Amino acid sequence: MHPSHCLEEERLTSYEPQMSIPPSHNPPAVAGRLSRVAPFLAMDVLSAAAAKERQGEAIVHMEVGQPSAAAPRIVREAAKAALDRGAIGYTEALGLPALRERIAQHYRETYGVSVSPERIVVTTGSSAGFVLAFLTLFDAGQRVAITAPGYPAYRNILQALDLEPVTVPLRPEDGFALTVEALERAGSGMPLHGVLAMSPANPSGTMIGTDEMARLAKHCAAHGVWFVSDEIYHGLTYDRPASTALSVDDDAVVINSFSKYFCMTGWRIGWMVVPDRLVRPIERLAQNLYISPPYLSQVAAAASFEATEELESIKAGYARNRAILLNELPHLGITEIHPVDGAFYIYADIARFTNDAAGFCARMLDEAGIAATPGLDFDPLEGAHHLRLSFAGSESDCREAVIRLKNWLR
Ligand SMILES: Cc1ncc(COP(=O)(O)O)c(C=O)c1O
């Protein structure tokens with residue numbers, strides 16, 4: 001008999017008696033800290049919209065922050081060539097040396113900032129970068145400042161790791177900009193261990209200028225606090241370029257991704273730039289958490305830096321969509337919109353229509369066929385009267401959304 005058969009039989013006989021035991025009435029519980037991890041409402045809206053599409057309805061998608069364009073042609077060609085070569089294996093946990101060098105070159109060319117490739121960590125999307133960063137920078141129970149409105153996963157990842165998010169409310173009259181004063185107002189006297197900044201921001205699109213970035217970094221350094229800068233929407237700016245925290249603070253932890261400007265959401269590939277003393281601890285974590293980022297995506301990502309022409313023309317499409325919405329929404333009564341310096345979202349105060357943005361979005365999906373994200377995803381305090389519209393889709397979708405909204409709000 002084949003040895004694996006023996007093994008299979010053994011397994012069946014040794015399990016059999018257990019199968020006859022009545023099902024337990026005391027099943028083990030899910031870890032308690034996960035009860036604090038909220039769902040990402042944008043993804044819930046996406047599944048509700050997909051269910052409607054399966055029933056034949058035409059939905060305009062403005063809920064999820066992902067480019068509708070495919071990854072650039074040369075990116076896909078680089079991936080195809082790698083597939084044809086065949087050997088797709090693990091890489092160094094910190095990423096392929098060639099990609100880390102190419103990212104370092106990007107910092108020299110784009111920002112005039114010199115970082116050594118050794119300080120670059122390639123990650124499986126910036127999402128994995130947050131997990132690596134938070135585990136490396138903070139011990140359980142430590143307090144990390146995040147903004148409201150802000151990207152919901154920060155709070156959820158922090159809570160999943162037993163860290164304490166400290167909400168920094170941003171004010172519409174400041175254009176939702178994170179400032180040292182906003183941090184001080186939120187500090188509540190207890191020490192912070194980290195500050196998480198984002199520029200351009202999700203959902204508001206607000207950018208932090210170089211001077212304020214320098215003030216924030218200096219404030220953090222003076223208080224012995226880690227300064228973490230999420231720069232995932234860099235490249236997607238409309239009037240002026242975004243500054244990297246590295247231009248004002250060599251000790252900042254910078255997180256970035258190929259998902260947004262580079263149109264590579266599904267490739268799950270991003271990077272971090274970290275101070276020298278973090279490289280080895282992060283490498284140890286990465287080795288154990290996921291061994292290495294995906295090889296194919298790394299090869300493809302390296303090619304994306306040569307796709308500027310194609311990527312800039314995709315960005316020109318976002319600029320047109322942004323102009324359409326900024327012009328048209330005020331005529332529909334959606335007037336409370338802040339700067340949208342960058343990224344591809346409109347974050348609007350819809351208090352004149354509702355105080356229940358989730359219900360409003362559900363009705364908008366049902367009655368107008370437009371999927372949008374309720375503000376509670378981004379702001380547990382003020383989000384109930386806000387809504388986020390993503391304009392990363394096509395121009396025709398954007399125009400269709402305006403027509404549908406006009407009929408629906410009338
Ligand atoms: C501000 C911000 N950071 C990080 C992410 C995560 O992106 P990814 O894991 O695809 O790099 C997103 C996704 O929408 C985001 O909006």
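Visitor: Over how many bridges do strand 5 and strand 6 pair?
Guide: This is a predicted model, in which local features need pLDDT of at least 70, side-chain atom pairs count only at pLDDT 80 or more, and totals for chains, interfaces and linings use all residues. Residues are numbered from 1 along each chain as its sequence is written, and side-chain values use heavy atoms, leaving out hydrogens and water. Strands are DSSP runs (E, at least two residues; helices are H or I, at least four), numbered from the N terminus, and two strands pair if DSSP finds at least two bridges between them. Strand 5 (residues 194–198) and strand 6 (residues 226–230) run in the parallel sense, and the number of bridges is five.

Visitor: Which residue of strand 6 stands opposite Val195?
Guide: Val195 has Ala145 of strand 3 opposite it. In strand 6, the residue opposite Val195 is Phe227.

Visitor: What is the hand of the crossover from strand 5 to strand 6?
Guide: The chain goes from strand 5 through helix 8 (residues 210–222) to strand 6, a β-α-β crossover. The test looks with the strands pointing away from the viewer: a path from the first strand over the helix to the second that runs clockwise counts as right-handed. Here the hand is right-handed.

Visitor: Why is strand 5 largely enclosed by the rest of the structure?
Guide: Gly194, Leu196 and Met198 point one way, Val195 and Ala197 the other. Buried means under 20% relative accessible area, exposed over 50%, partly exposed in between (1.4 Å probe, protein chains only). Strand 5 is largely enclosed because five of its five residues are buried.

Visitor: Which are the edge strands of the open sheet?
Guide: Seven strands make up the sheet, in the order 2-8-7-6-5-3-4 with mixed pairing. An edge strand here pairs on one side only. The edges are strand 2 (120–123) and strand 4 (164–169).

Visitor: At what angle do the axes of helix 3 and helix 10 cross?
Guide: Axes are lines fitted to C-alpha atoms, for helices over the stretch in contact (heavy atoms within 4.5 Å), and angles run from 0 to 180 degrees between N-to-C directions. Helix 3 (residues 73–85) and helix 10 (residues 295–304) have axes that come within 8 Å. Among the residues in contact are Ala78 and Leu83 of helix 3 and Leu296 and Val299 of helix 10. The axes cross at roughly 140°.

Visitor: What is the relative accessible area of Ala357?
Guide: Ala357 is found in helix 12 (residues 357–368). Not counting residues up to four places away in sequence, Ala357 touches Ile350, Pro374, Gly375, Gly383, Ala384 and His386. Ala357 is buried, with a relative accessible area of 1%.
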